[in-house]
Each structure stands twice: as C-alpha cells, then as structure tokens.
Amino acid sequence: MTTRKLPALLGSSLLAITLATTLSACGKKEEAATAPAATPAPAELIARKDLFGNPSRTGASISPDGQSIAFLAPRDGVLNIWVAPIGQIDAAKPLTADKERPIRRFFWAPAGDQILYLQDKGGNEDFLLYGVNIATAETKLLTPFEKTTVEIAAISTQVPDAILIGVNNRNPKWHDIHKLDLKTGKLELVMKNEGYGGFEADRSLTLRLASKPLPDGSLQIEPIKDGKIGKPILTIAAEDVLTSGVTGIPLDGNVAYLQSTAGRDKSAIYTLDLDSGETKLLAESDKADIGGAMTNPVTGALEAYNVNYLKDEWLPVGDAVAADIAFLNQEAKGSWNVTSRSRDDNLWTVIIDRVTEPAAFWLYDRKAKSLTRLFTVRPNLEGKTLAPMQALEIPSRDGKVLVSYLSLPPGADANSDGKPEKPVPMVLNVHGGPWARDGFGYNSEHQWLANRGYAVLSVNFRGSTGFGKGFTNAGDKQWGRTMHDDLIDAVDWAVKNGITPTDKVAIYGGSYGGYATLWGMTNTPERFACGVDIVGPSNLNTLLASVPEYWAAFFEQLARRVGDPRTEEGKALLTERSPLTHVDKIAKPLLIAQGANDPRVKQAESDQIVTAMKAKNIPVTYVLYPDEGHGFARPANRTSFYAVAEGFLSHCLGGRQEPVGTDFNGASIQVPEGADYVPGLKDALATKQ
C-alpha cells in the first residue's frame, strides 16, 4: 500500500552586489589574488543551466524484448520520449512531441509495441494516460477525462495487451479500477471503489486485495474473490500505516508481499497468506526500514531488497541475483539502482551515482558480466569540480540520532577532516513530505549552493521515514515543535563544529521544507539570517481544508499526524502551529516562491502570508509561476527561480553569483511583491524575453 506524499540573479550590469565583494568557496574575498599561495582558488562557477536546465538524456528503460532503449531527452527544448536500438544510443529517434510541459513518467507496455506516459497541465496533477506507438510514433490519449487523476494499478508481463488503471472521474475521492485494452483503448470497469485506498492484483491482473482506511487511521486488508470483497484478513494499526503495506503478489503461491512494522520498529518484508492472513518473515534489517525491492520481471518473486541508513545498500534474497549485486557493488564505484529489466532478465538498465560526477545510465549484461555506459545525464558537468557529501549522525537534544548530509564548498576543507578551514555561510536545506527523507548521493541543490560558497546541511528530522516507526511517529503533531527543534539542534552542531558562524545561516526548503522555513522565520528568527520558502503552507487550517479530494484515503493519517481540523482542540493546535499566526515576528529577509496551479499547497497559502506581511509593513519577495504546481517542472522556470534565489542568498549570506544572462528568457515568472528587495530583480524582469 503506497501512501501519497504530502513529496538564482546577477548580471554584472544588473545587480549592485559585484563579484569583487562576494565570498569564495573558502571564505576569502574573490579579489584576493594577493592571498597566500596556500589558499585554494575557488572552484569554477558552474552555470545554473548545467545544474537545473534540461538534462541531456535521462530515465533509460529497456524494452521487454531487450532490443531497444527508451529515455527522456529534449525535443525543441521540452523533455520528450526517445527510442534507440540497443547499442546505438546516438541513433535514437523522438516518439513524442509535447510542446509545453516535460514528460517525466513513462513505461513500456508489456507487449513492447508502445510506451505509456502520464501528463498533467500546468502542474495541476490531473494526470492523464497517453500511449505512443513505437512503429508510427502516433500518440493517443487513453483516458479522455476532465478533472481526473489516473493511477497505474497493475502491469504484468503475463497480460501483454492490457493493464489496470485507477480513474476518479466518477467520484473524485476514490479511484475505480478499470481494465484498459492497450490495442483498442477500451476501458472496462473491474471494481467500483466505495471507500478503498488501494487495490492489489496478481500477475493475471485479477484483483486479490483491497485496502480500506478506517476512521481511527488504521488500514484494513480485505481479500477479493470472484470480484467480491471479503472479510478482513489483516488490520494495520494507525501507528504502522506509514511504514507498512502490501507491495505485490508473485506468480507462485497464494501469498502477497507485505512490508510491516507490526510488533517491531524497523519495517521488514513478510509473505501474507491471501486466505488466512498468516505472515512469515522474509527479510529484515536492524539498521533501517526496508526501502525498495527488486522483483523478477516475469514472476514478481522477491529477489533483493534495499536498506538505506546512511547510504543505500542492496541485499539479495536467495541466489537469483546475488552474483549480480556482488558484481555491481564492485564495479559501480558508487551507489546504483536498477531502473528496468528485459523480459528474459539478461539486460538491466542501471543508474550509477558517484556524487562528485553527474549520474550516468549503464547497460548491464548479466551473462557477459559487463557494464556499458549508455549516457551521462548532465555531460556539461563532466570534469567540473563537484562537492563531496558527508553522511553524518547528529545527536538531538533528547537523544535521537539525526541522519544528515553535509556538503562543503570545494576547496574549503583543505586537510580533509570534514570541516572547512574557516567557518563558511551555511544553507539548511529542509526536505519536504515531511514523510520522506534525504539521502546520500548527487544532489543538484547541494552542488549549486556549495559551488557558490556555502556549506549545505540536510537533516532527517523526526517524522522523516526510513528510520523506523518510532522515529517517524515521534513527529506526530510536532510541526513547529520537536521537528523544528531537530533542525535547530543540527544548526547548533554545525556552529559548534566550526562549519558555519552563528549569524550566517539561511533556512531553505520546499513543501514541508517551505513550512519549516516559514516557522523558522516566525518562531526562531534570531537563528536565521534569511529564508527561502518554496510552495510551503502558512496556515495549517486552510492547508487541510483544501487538500485534493483524492487524498480522502489518507486524511485520517493527516489529522492524526498534523492536527484534526474537525475538532476545536485540533483547530486551536493548527492555528498555533501556523506561521501565519506569528507573522509579526518576521525580522529577516524572506523569499517565497509558488506555483499557481499547486493542488497540494494552494496559492492561497503563499498569498495569505504575503498579504499579512504587507499589512504589517514587513518586506517580502514573492515569486509566482502561473503555469506551475507543486514545484517547477519547466526548465526555464526552474533556472529563473534559482537565479532569483541565488541573488537573494548572495545579498543575505555573501556567496558567489552567476550573471543572470538569459536565465529569465522563456520563463513565466511573475513577482507580485518585493522585486526591489533582491538587487537587480526588477531590471532582470524588464529585460527578459
């Protein structure tokens, strides 16, 4: 059962701040050519477009027959689907021709004769399903509905010409399950959904299990036989829902795979008998929750699982892929993940992440035991000086361990002791969710900020997932309380260990990270020099009153973990924990960015706090994108936002800047408030094309 996750500006002629007065990566002034010879020169300034513009190619996926590779690459500046014969990546041809919005989610149809993809409009997350024919490149809309979000329910190699999809066009709260004939496009209703959060099908695409959310936040697993739902065989307690759920049904045996924290802290994998509900342990770890799983492409049998504490680790179940894991561990020289497997299971596509070089996709031949590079995602970064990442365990004030990740400006740590030779400005980069986590690996924001001269710290505060249900559940109703204390404790650790000075720390984040930024600016304003909030909620009452209708299955969990807006006590808690309530305490520069079509954190969340700040004559810069949602998908919008953020942070912390150049061109950026507060922003807006 998968839960939904509540998920830069300066031309030398444009800004008053010049490169001559900004800080280099090691904290020295850039014009200090007379500095001692031992002082390392700052790393080359990496262009924002190389970090945040379109990748050259990405998302490699092998066809079921192993003869072709599909991937995403720009076509007329927009990410589209391309296909190449195996071994001839440069002979690729484009299949799709989307002109407005990048395609980000695609997969091969089981028969291999078409590729299916999901696409929304302007970031509204009303994802519809399209199919493109491999031979003719003809694209068809397979779900021609309005105000509908399509979900993929099941795909199986055993049924090459059909898949199961969930469609909420009848009732926006619940996804009815339909069988989609991929040859004719016909939709056949399989199960009318009356209050179920999800369904599991076997390899024949027969529905076998249904997951029903209960009023107390728990989840009931109910069997399906002959199209009828039976009595529950398992109840997942409310405290286990975020760390438990059915993950698949293999071909052999009358069982499903179940991840569960029932009676334990760390999520383990069990088999679940589909008749009796009896469970049997298959895999566990005492370090962290089991994360991903590798299953056989034909049988669906579990062959390996992933454990991610400080870093990713894949562990085999039995011998099926044990030798392959050993080979990849030895040869990858970095973390790796399998992104697709051919039907005969001889060829895999693998992404390898070595942190200090751009990620690359490789073709792994199991019989030959060979790795062949397919392409590098961002070849313009090859040969650039990228920042290493440190995996850390930071103690909280009440004894919890906060797994965190630190990047330092290249050249700042001359003796390689994990600390800069001199404290440098720092950006605390807070992840969203909050039921998600930060991990070890190449991180574009870490690289960008480190290249500009900042230390970057990402903290897995309580409430984050992956570290056991105790750590996740410790965040219940702790927005603005101990979840924020963890962030402050991490900042204190960084100051104590010489990473950063007390007065040169910015807080930055999106979604929940945006909330954390607003909370930090309103409730601990003395701790941060400035803040950057991206699609962050400012009013928890209006946030929970406006979540998408199809989050109905998850709403009891939201009420349990954030606060219940249906009770007076809950409303009071949500009001007290809302940054909007404390807006008069904002005393430091604040940048807010929002997508107008965001279905999760509505534009009203940013509008409210901007209006309240204006009413109290508190300065704020507000950047709005009318064609974006919960984040910025279009590359022109991304690079323009990072241009604004870069100028804002440089003005606040003194880091380096890249001239704005053409980074505003083609962007829909609007600045309803506060253009004057980021030097040169008004001029950049006036000259954009």
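Which ring does the charged end of Lys-311 sit over, and how far is that charged end from the ring's centre?

Modeller: Happy to! The charged end of Lys-311 sits over the ring of Phe-440, 4.4 Å from its centre. The rule here asks for NZ of Lys or CZ of Arg within 6 Å of the ring centre and within 35 degrees of the ring normal. Please keep in mind that this is a predicted model, in which local features need pLDDT of at least 70 and side-chain atom pairs count only at pLDDT 80 or more, while totals for chains, interfaces and linings use all residues. Residues are numbered from 1 along each chain as its sequence is written, and side-chain values use heavy atoms, leaving out hydrogens and water. Lys-212 makes a contact of this kind too: its charged end lies over the ring of Tyr-196, 4.7 Å from the centre.

The structure holds 23 aromatic pairs, counted when rings of Phe, Tyr and Trp (its six-membered ring) have centres within 6.5 Å, with planes under 30 degrees apart called stacked, over 60 edge-to-face and the rest tilted. Among them, Tyr-309 and Phe-467 pair edge-to-face, 6.2 Å centre to centre with 75 degrees between the planes. This pair links distant parts of the chain, 158 residues apart: Tyr-309 is in the loop between strand 23 (302-308) and strand 24 (312-316), and Phe-467 in the loop between strand 32 (455-459) and helix 4 (469-473). Helices (H or I, at least four residues) and strands (E, at least two) are DSSP runs, numbered from the N terminus. Phe-467 is buried, with a relative accessible area of 10%; buried means under 20%, exposed over 50% and partly exposed in between, using a 1.4 Å probe and protein chains only.

Trp-348 and Tyr-364 form another edge-to-face pair, 5.4 Å centre to centre and 70 degrees between the planes. Trp-348 belongs to strand 26 (residues 347-353) and Tyr-364 to strand 27 (residues 360-365), so the pair ties together parts that are 16 residues apart in sequence. Trp-348 is buried at 0% relative accessibility, and Tyr-364 is buried at 0% as well.

Ring pairs also link Phe-52, Trp-448, Tyr-508, Tyr-625, Phe-632, Phe-641 and Tyr-642 into a cluster. Just after helix 3, Gly-453 takes a positive phi of about 110 degrees.

Taking a disulfide as a pair of cysteine sulfur atoms within 2.5 Å, the count comes to one. It joins Cys-530 to Cys-652, with 2.3 Å from S to S. The link of Cys-530 and Cys-652 is left-handed, with -100 degrees about the S-S bond.
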